[in-house]
Amino acid sequence: MQRRSFLSAAAAALALGGSPALAADLDGMKPVTLRLAHVVNEKDAYQVAAVAFRDLVAERSGGKISVEIVPNATLGDERTLLEGMQIGSIDMGLITNGPVANFVEEMAVFELPFLFPSREAAYGVLDGEIGQELLDKLADVNLKGLAYAERGFRNLTNSKRPVATPADLDGLRIRVMENPVYTDSFRALGANAIPMAWTEALTAMQQGTIDGQENPVGVVYSFKLNETQKYMTMTRHTYAPAVFVMGMPTWSKLPEAAQQIVVEAAHDAAATERAFNADMEAQQLDELKAAGMEVNETPDLTAFQDAVAPVYEKYGERFGDTLTRIRAELN
């Protein structure tokens with residue numbers, strides 16, 4: 001059993017948020033329902049974030065703003081969700097940073113391998129000036145970036161063999177997000193990197209048309225990937241943010257007080273999800289091991305870092321000043 005339920009995580013979010021504050025400013029506002037979509041199941045940490053956001057918004061708006069959560073890629077994969085937000089057919093979503101970076105290329109800087117040494121280091125950058133600047137750039141493509149939640153540190157799984165060094169990846173067909181930085185990173189490591197939507201990847205793993213994938217422990221656990229993936233390697237090769245994002249057509253219809261409630265609730269819900277992930281990872285890893293998954297917790301990370309050096313050579317100039325500022329802040 002998980003130590004913290006989704007309901008208790010949402011309750012923690014309420015405690016984080018301070019006063020319900022601005023509900024009185026919405027007296028003249030007609031009630032509105034926002035549909036918040038994501039592509040994973042109700043056991044995933046994205047659902048924790050979504051539930052916390054829903055409850056915070058309802059409480060702080062005095063019920064004027066309600067949120068309907070639509071999980072399980074019911075409304076489409078992450079690219080489809082973002083495109084729907086742009087035209088106003090979907091209100092908002094919780095979207096992994098990789099697909100978001102296909103709309104604002106600069107956000108792919110966060111996908112660079114081994115950029116962040118720890119969660120705390122990532123939070124400092126994401127929640128600071130650099131992170132906000134990149135969220136603001138989403139407005140250029142008719143999207144509103146609200147806050148950074150997280151997918152987390154990504155690790156490798158596969159169905160074929162233990163992986164301790166990049167050489168062990170030779171020839172393995174590894175699903176990666178539809179983002180060129182991920183594709184180039186895994187090709188540099190020697191894998192046959194296959195960009196693919198997550199919904200397609202689940203079927204491909206079951207059918208054996210791909211050998212592996214890379215995701216945080218929580219995803220491996222919530223989707224029971226141990227049933228198709230015997231081996232996990234704790235590479236922690238990328239820290240992946242997730243973005244609470246809303247379509248500008250929906251955002252622009254909200255009065256300013258409602259916009260403020262939405263942004264603050266997104267920040268607090270993101271904090272709740274981060275705490276949930278940190279709390280649950282060790283327990284989930286233990287349960288995966290107990291279920292028969294072989295986990296290498298001490299791969300040769302120096303070899304992995306050396307192998308992806310060409311990715312920095314290719315993208316370093318593209319990300320220019322942003323990458324320089326991130327590195328300065330981390331140091």
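**Residue Q47**

Q47 is found in helix α2; helices (H or I, at least four residues) and strands (E, at least two) are DSSP runs, numbered from the N terminus. The model is predicted: local features need pLDDT of at least 70 and side-chain atom pairs count only at pLDDT 80 or more, while totals for chains, interfaces and linings use all residues. Residues are numbered from 1 along each chain as its sequence is written, and side-chain values use heavy atoms, with hydrogens and water left out.

Q47 counts as buried because its relative accessibility is 9%; buried means under 20% relative accessible area, exposed over 50%, and partly exposed in between (1.4 Å probe, protein chains only). Leaving aside neighbours within four places in sequence, Q47 is in contact (heavy atoms within 4.5 Å) with H38, N41, E42, I69 and P71.

**Helix α2 and its ends**

Helix α2 comprises residues 45-60. Of its 16 residues, 12 are buried, so the helix is largely enclosed by the rest of the structure. Among them are Y46, V48, F53, L56 and R60.

At the N-terminal end, D44 caps α2, with a side-chain oxygen 2.8 Å from the backbone nitrogen of Y46. Just after the helix, G62 takes a positive phi of about 60°.

**The whole chain**

The chain has 13 helices and nine strands. Of its 331 residues, 56% count as buried. The C-alpha trace spans about 65 × 45 × 35 Å along its principal axes. Among contacts between residues at least 6 apart in sequence, 77% join residues at least 24 apart.

Note on methods
Expected span 1.5 Å × (residues − 1). Polar contact = N/O pair within 3.5 Å; in protein donor to acceptor, adjacent residues only side chain to side chain.
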